[in-house]
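Colleague: Could you take me through this one? I'd like to start with the charged side chains and then move on to the overall fold.

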Amino acid sequence: MTVLRTQGLSKSFGGLEAVRDVDLSVPQGQVRALIGPNGAGKTTLVGLICGRIEPSRGTVSFLDQDVTRLPVHQRIRRGMGYTFQITSVLSNLSLRENVALAVRPREKSEDVVEGEVVSALTQVGLVHRIDQHAGDLSYGHQRLLEIAMGLGQRPKLLILDEPTQGLSEGEVAAFNSLIRRLAGETTVLLIEHNMDVVMAVADEITVLDFGAVLAEGTPDEIRKNAGVQAAYLGTG
Ligand SMILES: Nc1ncnc2c1ncn2[C@@H]1O[C@H](COP(=O)(O)OP(=O)(O)O)[C@@H](O)[C@H]1O
Ligand SMILES: [Mg+2]
């Protein structure tokens, strides 16, 4: 089953085509990495997928239904979960309350909410800090808390925009093993700059360049692709 499919998806900002004719197809359970140089259109593409940005052309299908015209909250209700590149954690609330905010829209029983909160925080390795204020966490731990908030939505597709940005080496390793544990169950679309992370966790990689898909394949295929090396992996 295909969880996410885009067809001819495009977005222009004035004269600039930030996303051009992107056909993307992500099967259930896959970890798909989306890579490309700065300004390639990755964040715009994710904005189109989750409904924050309206496309100029093209369609987005989620779980075999056309969601192109649905607002963000309806896509979330259908099972899209995402974390923003800019932190969405509320610093004066506890970790428990932050994750509970992500769980409550789909769960009414507070006992169930608590169980889901504990489960999501356990997955990211932060459950021992459940009563602390989110604002007291390190930057890296706040990024992991964001992922717990994404998991709290029990998403059928988890979209992560540069989750390892600003993480320490040890936190990146923890992130890698978290994604590997999720793989097979949760479908993940991962925008990621760190090529070590991409090569370690992705089943398939889509390379964007100037808004268009330059290449797609397994980590091995992408590593060997001459066009990708020239545009991206090379010296830059
Ligand atoms: N709201 C906007 N208005 C105008 N231009 C934008 C807007 N958002 C992004 N862009 C431009 O679109 C291109 C793609 O940006 P972005 O999707 O953020 O790339 P990436 O995430 O790959 O770095 C860039 O040239 C950027 O300046
Ligand atoms: Mg970006």
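**Salt bridges and fold**

Modeller: A search of the whole structure, which is a predicted model, finds 13 salt bridges.

Colleague: Okay, which residue does Glu17 pair with?

Modeller: Glu17 forms a salt bridge with Arg57, and their closest N and O atoms are 3.5 Å apart. Glu17 lies in strand S2 (residues 16-27) and Arg57 in strand S4 (residues 57-62), so the pair ties together parts that are 40 residues apart in sequence.

Colleague: Which residues are linked in a network?

Modeller: Salt bridges link Arg106, Glu107, Glu116 and Arg154 in a network.

Colleague: Switching topic, how many helices and strands does the protein chain have?

Modeller: The protein chain has nine helices and ten strands. Its radius of gyration is 18 Å, close to the 18 Å that the globule rule gives for 236 residues, so the chain is as compact as a globular protein of that length.

Colleague: What share of the residues counts as buried?

Modeller: Of the 236 residues, 49% count as buried, while the chain exposes about 10700 Å², of which carbon and sulfur atoms supply 49%.

Key. Residues numbered from 1 in each chain as written. Chains lettered and ligands numbered in written order. Predicted model: local features only at pLDDT ≥ 70, side-chain atom pairs only at ≥ 80, totals over all residues. Heavy atoms only, no water. Helix = DSSP H or I, 4+ residues; strand = E, 2+ residues; numbered from the N terminus. Rg over C-alpha atoms; globule rule 2.2 N^0.38 Å. Buried < 20%, exposed > 50% of the residue type's maximum accessible area, 1.4 Å probe, protein only. Areas by Shrake-Rupley, 256 points an atom, 1.4 Å probe, with all protein chains shown as cover. Salt bridge = Lys/Arg side-chain N within 4 Å of Asp/Glu carboxyl O.
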